[in-house]
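Subject: Structure for your attention, with notes

Dear colleague,

Please find below the structure that I am handing over to you. My notes on it follow directly after.

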Amino acid sequence: MAERELKKKSTSQRTEDEVVDATAPSGTEKSEKLKAELDDLLDEIDEVLEDNAEEFVRNYVQKGGQ
Amino acid sequence: MAVAKVCGIETEYGITVHGVRDANPITASSILINSYINELHGNVDWDFVDETPGNDARGFARESFPPSEVESHLVNTVLTNGARYYVDHAHPEYSSPECISPREAVIYDRAGEEVLRTSMSAAMRAMPSGQEIVVYKNNSDRKGNSYGCHENYLLDRGLPFGKLVKYITPFLVTRQIIVGAGKVGTESPQVPKGQVPFQLSQRADFFEEEVGLETTLKRPIVNTRDEPHADASRYRRLHVILGDANMSEISSYLKVGTTSIVLSMIEDGFMDDLDLSLYDPVSSLRHVSYDLTLKRQLRLKSGKRMTGLEIQRVLFEKAQEYRDSRGLSALGPSGDGDSVLELWGKVLDVLETDPMQLSDSLDWVAKYRLVMGYRERNGLEWDDPKLAAIDLQYHDIRPAKSLFYRLGVRTILGEEEVKAAVTQPPASTRAYFRGKCLERFGDYIAAANWDSMIFDLGSDPLRRVPMMDPLKGTRDHVGKLFDESANPAQLLDSLGS
């Protein structure tokens with residue numbers, strides 16, 4: 001499972017130049033692509049989320065930080 | 001002329017033990033780090049001689065959960081990549097080695113994530129089934145407790161501190177528009193519940209002062225800790241405690257990159273005619289963080305009003321002039337200065353028109369879109385624990401559980417260079433000397449510190465090698481000495497120590 005996810009990330013890796021290009025205002029095409037990607041993630045997110053969200057959030061306590 | 005912006009990122013990770021109720025976080029942090037050390041063999045202790053002792057927790061309460069085969073004493077260690085990996089207060093902290101450029105700083109921060117991941121796997125093998133130590137690269141537990149991701153920058157000692165504070169504050173207050181990691185809700189006791197459904201920054205809720213020495217209470221926007229870990233007659237180290245831990249490499253790169261540019265401008269007196277001083281920096285910090293429209297105006301001391309975005313735009317334009325007249329060589333020899341500047345401008349362009357288009361680049365936008373999408377699809381209220389869980393799990397660094405990794409946010413680094421940085425030190429700072437000493441002669445190193453190495457060769461008294469200049473001890477300076485030294489005594493002889 002872990003390995004699959006890492007691979008997934010590496011295939012979507014892009015170069016720095018493309019990052020700059022992609023941040024230029026490019027209109028609706030990019031918005032639509034981003035929306036489609038988000039929809040895909042929303043379809044599967046419940047499988048990944050911690051089982052009991054309420055308990056997970058309540059038990060996450062971090063004292064003594066800077 | 002601005003000094004080289006040698007820099008580094010210290011990340012305190014949030015820590016939990018799944019499957020154990022009320023686990024002691026100090027014990028858990030110790031187990032995590034010891035598991036990593038056991039995995040690598042050998043351990044070199046950190047030397048506290050030049051540190052301020054009050055800053056490091058030393059006691060801990062042993063609880064019943066630690067597995068017997070893993071030592072859980074408090075750990076401080078130095079890695080062959082030059083980083084320090086240790087228990088700070090109640091968190092595992094990875095402090096990157098000194099880096100020569102913003103890009104290198106991001107590489108070594110990402111290498112830290114690899115170190116933590118390996119630690120988690122190693123710890124899990126030693127723990128009973130059903131128990132797992134898990135770390136989160138974020139800055140808040142959503143209950144009013146915060147932990148930091150600090151940046152460090154090398155500065156010329158000749159720069160008066162008051163001048164630094166005056167010019168860096170408006171930049172630090174407004175940079176969260178670009179580099180914030182985003183948070184569902186607010187933890188500020190002054191803000192009524194529900195008034196801030198989502199904000200740009202993890203940390204803005206926790207800052208109460210403009211300037212000060214504290215890091216755990218009454219946190220200041222500009223921290224005055226004067227501990228250069230270098231020749232104090234020549235250098236200062238600016239310890240920035242305000243920032244968020246970034247998952248996005250682009251956010252992290254812009255965080256260190258734009259800060260390095262602004263610091264260089266201040267050092268060179270290039271900002272002297274640009275007074276953007278805020279009337280109330282602490283309130284402005286929250287106003288910026290709470291305003292997702294990026295349109296809220298801030299009051300300046302001059303009486304003028306500007307949005308955070310406008311302040312960033314003015315600073316960016318100033319930086320362009322600075323590049324044209326002085327160059328950006330302080331950001332390292334690989335052209336990071338120009339690349340940061342270009343990216344800074346492009347990101348501001350998009351933030352001014354349609355910020356949501358940056359959901360594939362910047363942390364706060366990526367998280368906001370995810371939370372909004374989930375909320376709308378499931379018809380949830382803003383206080384639904386599932387949205388809070390998404391916020392936390394965005395920062396999970398386990399590939400199978402991290403929501404950030406699933407978002408497919410753009411990256412700027414190659415996996416190979418991050419992997420190499422887990423064991424190899426940066427070539428162009430003194431971290432090279434530290435890392436190579438540990439790699440080649442680790443058995444003979446009695447202790448290591450940012451600005452010295454202490455050798456124990458057996459018969460002689462301990463021998464200390466000072467490293468007071470962060471720009472010496474590089475591969476160019478000492479690479480050949482390591483090649484020619486078969487043992488640590490030869491190395492010390494060639495160094496004349």
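I begin with one residue, B:Gly308. Leaving aside residues up to four places away in sequence, B:Gly308 touches B:Thr174, B:Ile177, B:Val288, B:Leu294 and B:Leu298. Please bear in mind throughout that this is a predicted model. B:Gly308 belongs to helix α7 of chain B, which covers residues 308-326. The residue is classed as buried because 27 other C-beta atoms lie within 10 Å, and 20 or more are needed for that class. B:Gly308 is also separated by 9.4 Å, C-alpha to C-alpha, from B:Leu285, and these two residues are 23 apart in sequence.

B:Leu294 is not a glycine, and yet its phi is positive, at about 60 degrees. It is found in the loop between α6 (281-290) and β13 (297-299) of chain B. B:Leu294 counts as partly exposed because it has 17 other C-beta atoms within 10 Å, which falls between the limit of 12 or fewer for exposed and that of 20 or more for buried.

A positive phi also occurs at B:Lys218, where the value is about 40 degrees although this residue is not a glycine. B:Lys218 sits in the loop that joins β10 (207-212) to β11 (219-223) of chain B. Is B:Lys218 buried or exposed? B:Lys218 is exposed, since 12 other C-beta atoms lie within 10 Å and the class takes residues with 12 or fewer.

A further loop residue is B:Trp382, placed between α9 (363-378) and α10 (385-394) of chain B. With 15 C-beta neighbours inside 10 Å, B:Trp382 is counted as partly exposed. Residues up to four places away in sequence aside, B:Trp382 touches B:Gly194, B:Pro197 and B:Leu387. Its C-alpha atom is 9.4 Å from that of B:Val196, although 186 residues separate the two along the chain.

I turn now to chain B as a whole. Chain B contains 15 helices and 17 strands. Its radius of gyration is 22 Å, close to the 23 Å that the globule rule gives for 497 residues, so chain B is as compact as a globular protein of that length. Along the principal axes, the C-alpha atoms of chain B fill a box of roughly 70 × 60 × 40 Å. Of the 497 residues in chain B, 55% are buried. Among contacts in chain B between residues at least 6 apart in sequence, 72% join residues that are at least 24 apart.

The domain assignment divides chain B into domain 1 (157-235 + 245-412) and domain 2 (427-495). Taken over C-alpha atoms, the centres of domain 1 and domain 2 of chain B are 37 Å apart.

The interior comes next. In soluble globular proteins, nonpolar side chains tend to be buried together. Here the largest nonpolar core has 143 residues, and B:Ile133, B:Leu254 and B:Val347 are those with the most contacts inside it. Helix α2 of chain B (residues 102-126) gives the most to this core, namely 10 residues. Domain 1 and domain 2 of chain B each supply at least three residues to this core.

B:Val347 is also one of the buried residues of α8(B), among them B:Leu343, B:Trp344 and B:Leu351. Helix α8 of chain B spans residues 336-353 and has 18 residues. From its first C-alpha to its last, α8(B) reaches 26 Å, close to the 26 Å expected at 1.5 Å a residue.

Chain A has 4 helices and 0 strands, and from the N terminus on its elements run α-α-α-α. Buried residues make up 14% of the 66 residues in chain A.

How many residues of chain A are in contact with chain B? There are 39 such residues, and they contact 54 residues of chain B. Each of α1 (2-11), α2 (16-23), α3 (28-48) and α4 (53-59) of chain A supplies at least two residues of the side that touches chain B. The largest share of that side, 9 residues, comes from α3(A). Sorted by class, the side of chain A that touches chain B has 20 nonpolar, 10 polar and 9 charged residues.

Yours sincerely,
A colleague

Note on methods: Residues are numbered from 1 along each chain as its sequence is written. Chains are lettered from A and ligands numbered from 1 in the order in which they are written. This is a predicted model: local features need pLDDT of at least 70, side-chain atom pairs count only at pLDDT 80 or more; totals for chains, interfaces and linings use all residues. Two residues are in contact if their C-beta atoms, placed from the backbone, lie within 7 Å. Ala, Val, Leu, Ile, Met, Phe, Trp, Tyr, Cys and Pro count as nonpolar, Asp, Glu, Lys and Arg as charged, and the others, Gly among them, as polar. The expected span of a helix is 1.5 Å times one less than its number of residues. A nonpolar core is a set of buried Ala, Val, Leu, Ile, Met, Phe, Trp, Tyr and Cys residues joined through C-beta atoms within 7 Å. Domain bounds come from an automatic or database domain assignment. The radius of gyration is taken over C-alpha atoms; the globule rule is 2.2 Å times the number of residues to the power 0.38.
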